[in-house]
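These are my notebook entries on one structure. I set down what I looked up, entry by entry.

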Amino acid sequence: MPRQTSSKPKILIVLHQESSSPGRVGHMLLEEGFDLDIRRPPLGDALPETLDDHAGTVVFGGPMSANDDDEFVRRETNWLEIPLRENRPCLGICLGAQMLVNCLGGKVEGHGEGLVEVGWYPLKATEAGKQLMHWPEMVYQFHREGFSLPRDATLLATAETYPNQAFRYGDNAWGIQFHGELTRVMMQRWVVRGAHRFELPGAQPGRDHLGGRLIWDMHLKRWLDEFLRMIFGKSSR
């Protein structure tokens with residue numbers, strides 16, 4: 001029998017570890033009628049030469065730095081020129097946003113005083129951000145580096161320790177420093193595997209990660225759903 005192929009539009013999902021999951025982002029995109037084309041460049045997966053066969057892409061986070069010399073980091077950062085050139089919807093989350101910033105000529109670096117954001121932290125929308133949508137007041141973070149605002153990009157949300165939290169570049173490129181994609185299982189795994197980071201300056205203890213989830217996660221989830229709809233729309237097939 002001939003192989004059945006899906007007629008649904010695909011979203012390219014770029015992950016950076018064998019155990020990584022697109023989490024809620026994947027669930028929400030599937031619910032909107034998209035298929036997921038999952039690639040893991042660190043494990044040798046190739047990235048497409050064009051996004052003609054995709055409705056957009058989401059580049060997720062990872063434990064590595066966007067400034068690392070690994071071949072896949074350079075390859076992936078350079079590859080982001082494709083969605084930018086083709087004006088395809090592109091969302092970078094944490095590491096993905098930092099790669100996008102590097103691709104756009106910005107800078108990725110740690111805080112001058114060594115502070116990190118690991119846990120729940122306040123977020124404030126800019127006027128440009130408020131015009132787009134309502135933003136959550138608290139978001140979940142897990143990073144040691146931040147990014148500068150690329151030239152000609154619009155800052156959408158800010159925070160105290162790392163001022164650049166969300167931006168838009170052109171019509172279809174978006175970057176966010178924080179994480180809305182974590183399911184409860186994912187957060188529990190991060191808290192266990194990333195416990196060594198709770199001792200870093202500015203980090204919150206593990207109990208506050210799960211405790212904060214009970215208070216703020218509902219609002220973050222609602223925001224993420226609206227944000228993805230704004231970027232990718234709804235599948236028409």
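**Entry 1: the largest cavity.** I looked up its lining and found M28, L29, E32, F34, D225, L228, R229, F232 and G233. Two elements each give two or more residues to this lining, α1 (23-31) and α7 (206-232). The largest share, four residues, comes from α7. I note that helices (H or I, at least four residues) and strands (E, at least two) are DSSP runs, numbered from the N terminus. The space in the largest cavity is about 40 Å³, and my search of the whole structure returned one cavity of 30 Å³ or more. A cavity here is a set of points, on a 1 Å grid over the protein atoms alone, where a 1.4 Å probe fits but cannot get out; lining residues have an atom within 4 Å of a point. Grid points are joined across faces, edges and corners, and the volume is the space filled by probe spheres set on the points.

**Entry 2: basis of the values.** I record that the model is predicted, that local features need pLDDT of at least 70 and side-chain atom pairs pLDDT 80 or more, and that totals for chains, interfaces and linings use all residues. Residues are numbered from 1 along each chain as its sequence is written, and side-chain values use heavy atoms, with hydrogens and water left out.

**Entry 3: H54.** Is H54 buried or exposed? I list H54 as buried because its relative accessibility is 6%, where buried means under 20% relative accessible area (1.4 Å probe, protein chains only). H54 belongs to strand β3 (residues 54-59). The side chains of H54 and D37 make a polar contact of 2.8 Å, that is, a pair of N or O atoms within 3.5 Å, one able to donate a hydrogen and the other to accept it. Beyond neighbours within four places in sequence, the contacts of H54 (heavy atoms within 4.5 Å) are K10, I11, L12, D37, P48 and R88.

**Entry 4: strand β4.** I then followed β3 to β4, which runs parallel to β3 and is joined to it by three bridges; strands pair if DSSP finds at least two bridges between them. T57 has C90 in β4 as its bridge partner. Strand β4 (residues 90-93) also pairs with β12 (residues 173-176), in the parallel sense over four bridges, and G92 stands opposite G175 in β12. Both faces of β4 are covered, with C90 and G92 buried on one side and L91 and I93 buried on the other.

**Entry 5: the record.** UniProt, in an unreviewed entry, lists residues 29-183 as "domain: Glutamine amidotransferase"; such annotations may be inferred rather than shown by experiment. I find 21% helix and 31% strand over residues 29-183, with the end C-alpha atoms 15 Å apart.

Notes
Buried < 20%, exposed > 50% of the residue type's maximum accessible area, 1.4 Å probe, protein only. 1 Å grid on protein atoms, 1.4 Å probe; cavity = no way out; pocket = protein on both sides within 12 Å on 5 of 7 lines; lining within 4 Å.
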